[in-house]
Amino acid sequence: MRAWLRQHRQALAAAIGKLTAQRAAAALNALVIGIALSLPAGGYALLSSLRVVTQGAALEPQLSVFLQVEAKRPEADALAVKLKNEARVREFRFIPREQALKELQSAEGLSEVVAALGRNPLPDAFVVRPRATDPGALEALARELRALPAVANVQVDSAWARRLGALAGTARLAIALLAALLAFGLVAITFNTIRLQILTQRAEIEISKLIGATDAFIRRPFFYLGALQGLAGGLVALAILWGSLLALNLGVAELAASYGSGFRLAFLDPGDALAVALFSAALGWLGAYLSVSKYLLEIEPR
Amino acid sequence: MISFSGVAKRYPGGHEALKGVTFSIEQGEFAFVAGHSGAGKSTLLKLIPAIERPSGGAVLVNGQNVGALKRAALPYLRRNLGLVFQDQKLLYDRNVFDNVMLPLAFGELATREAARRARAALEKVGLLAREKANPVQLSGGEQQRLAIARAVVNRPSVLIADEPTANLDAASAAGILEIFAAFNQVGVTVLVATHDETLIGRFARRVLRLAGGSLVP
């Protein structure tokens, strides 16, 4: 066990030695891998930031039931009773016109407009969450509610949020596909780097085999080399992402401030950042494994 | 120890390098494999560590049929054999000491013990003072001695050398053979291929003479 650990330590040291001896080439490889990986990682970070925004939006279908402006509170209470007894309604919430006005006044740039109105133009309203979510059932319930006395209008909400959700899903899929494609690219880069390294060390491999080195012993430094190269690429990707978000946030902060929001594009959380680095190292190892499996067998002592 | 029984070797393309070669070498024996260039000396030696596989017959090393060994078993066979080549097969990107350390890197020895053993091997071939030198700084004879140090550092029971003196002057060649003789005296089986009849005559050991791929008297 001690000998096995020593051999791993030596293989790791040999791999680090190779990387430092060819630091310019190693840095370029890490840069190429880093740029490739920063694209899906950046997309993921962007979606994660947007998810925070969209989480506030209702993705489940809901109906907004607006009463007539002149409707009195007893009429609203009667409708509340009706909704409570309606089996197709899962829950509902009453929004008095005074509360609606307050919310409108608190919205950026509307307080002066509301003040200029002189009176509250908003009606009482109910936000209804139905049990069924299919469009047919929703429309039927909306139609029945519209026919009730004191109801001015019924609006089926959340369609836009669902569209946004679907768009985010498509974007996630696109990022996953991009990540998969670029992962192949990373494996190919490592495969080729290790192939060249094997060719460079052909004499050493041949001699090592002649004097009794096992295939595992010969392969080990190449695996470490591939994994280290992948890891370096992953760290470069994280650095690129961090720098890019820092620059983008200058503009985003200004834009968000104009909407009264403190929204910022967030960097990956520590777990995700670690996953990017480890995933990159694993892909580097895979590229090395494939390369070594193909080319090491071809080198035999003569 | 080493036994060839009706061994034949035919290379792709049809060239028959060995034909029905039969002999055996006992433990602790010192023997030359003699013959002109192309007689099959190198092929014969390459069959022992399974660098080449026989086309017919059997090659036994310590009772093990090396021709039938699986790929994964070859490193363990080769660790018990010390191999010396005409072109030394040294690594020129590391110093003398590290070249000798190479076979110990995949063994079980701790680093300190391995270093001690490498220096002992270098001392035996008279290169301890040059341990930090790069092999390119060594003369041909010194490079061959370095190759011998690397071959013996694992304390093999058999030492096999293919034309180890081919590129050396007479004095250096005799020096190399003296080193082999010294190892043989402590029980190591030695098999040396050479076409140098003067050297063979000088050391007066058993000679396996090859001509056209066959053993001749």
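These exercises work through contacts, salt bridges and a pocket in a predicted model.

**Exercise 1. The interface**

Task: Describe where chain A and chain B touch, and state which helix of chain A gives the largest share of its side.

Solution: 
- Step 1. Count the residues on each side. Chain A brings 21 residues into contact with 25 residues of chain B.
- Step 2. Look at the area. About 1900 Å² is buried between chain A and chain B, and 56% of it lies on carbon and sulfur atoms.
- Step 3. Count the polar links. Seven residue pairs are in polar contact between chain A and chain B, both residues being at pLDDT 80 or more.
- Step 4. Find the elements on the chain A side. Those that give two or more residues are helix 1 (2–21), helix 8 (202–210) and helix 9 (215–258).
- Step 5. Pick out the largest share. Helix 8 of chain A supplies it, with seven residues.
- Step 6. Sort the chain A side by class. There are nine nonpolar, five polar and seven charged residues.

**Exercise 2. Salt bridges**

Solution: 
- Step 1. Recall the cut-off. The side-chain nitrogen of Lys or Arg must be within 4 Å of a carboxyl oxygen of Asp or Glu.
- Step 2. Apply it across the interface. The rule finds three salt bridges across the interface of chain A and chain B.
- Step 3. Apply it inside chain A.
- Step 4. Over all chains, the structure holds 21 salt bridges.

**Exercise 3. The largest pocket**

Task: What lines the largest pocket, and which helix gives the most residues to the lining?

Solution: 
- Step 1. State the volume, which is about 670 Å³ for the largest pocket.
- Step 2. Find the residues closest to the centre. Of 29 lining residues, these are A:Ala14, A:Glu204, A:Phe217, B:Arg94 and B:Leu102.
- Step 3. Name the elements that give two or more residues. They are helix 1, helix 8 and helix 9 of chain A, together with helix 3 (96–105) and helix 4 (111–124) of chain B.
- Step 4. Select the main contributor. Helix 1 of chain A gives the most, with eight residues.
- Step 5. Sort the lining by class. It has 17 nonpolar, five polar and seven charged residues.

Definitions and conventions
Residues are numbered from 1 along each chain as its sequence is written. Chains are lettered from A and ligands numbered from 1 in the order in which they are written. This is a predicted model: local features need pLDDT of at least 70, side-chain atom pairs count only at pLDDT 80 or more; totals for chains, interfaces and linings use all residues. Side-chain values use heavy atoms; hydrogens and water are left out. Contact means heavy atoms within 4.5 Å. Buried area is the accessible area (1.4 Å probe) that two parts lose on being put together, summed over both. A polar contact is a pair of N or O atoms within 3.5 Å; within protein, one must be able to donate a hydrogen and the other to accept it, and residues adjacent in sequence count only if both atoms are side-chain atoms. Helices (H or I, at least four residues) and strands (E, at least two) are DSSP runs, numbered from the N terminus. Ala, Val, Leu, Ile, Met, Phe, Trp, Tyr, Cys and Pro count as nonpolar, Asp, Glu, Lys and Arg as charged, and the others, Gly among them, as polar. On a 1 Å grid over the protein atoms alone, a cavity is a set of points where a 1.4 Å probe fits but cannot get out, and a pocket is an open set with protein on both sides within 12 Å along at least five of seven lines; lining residues have an atom within 4 Å of a point. Grid points are joined across faces, edges and corners, and a volume is the space filled by probe spheres set on the points.
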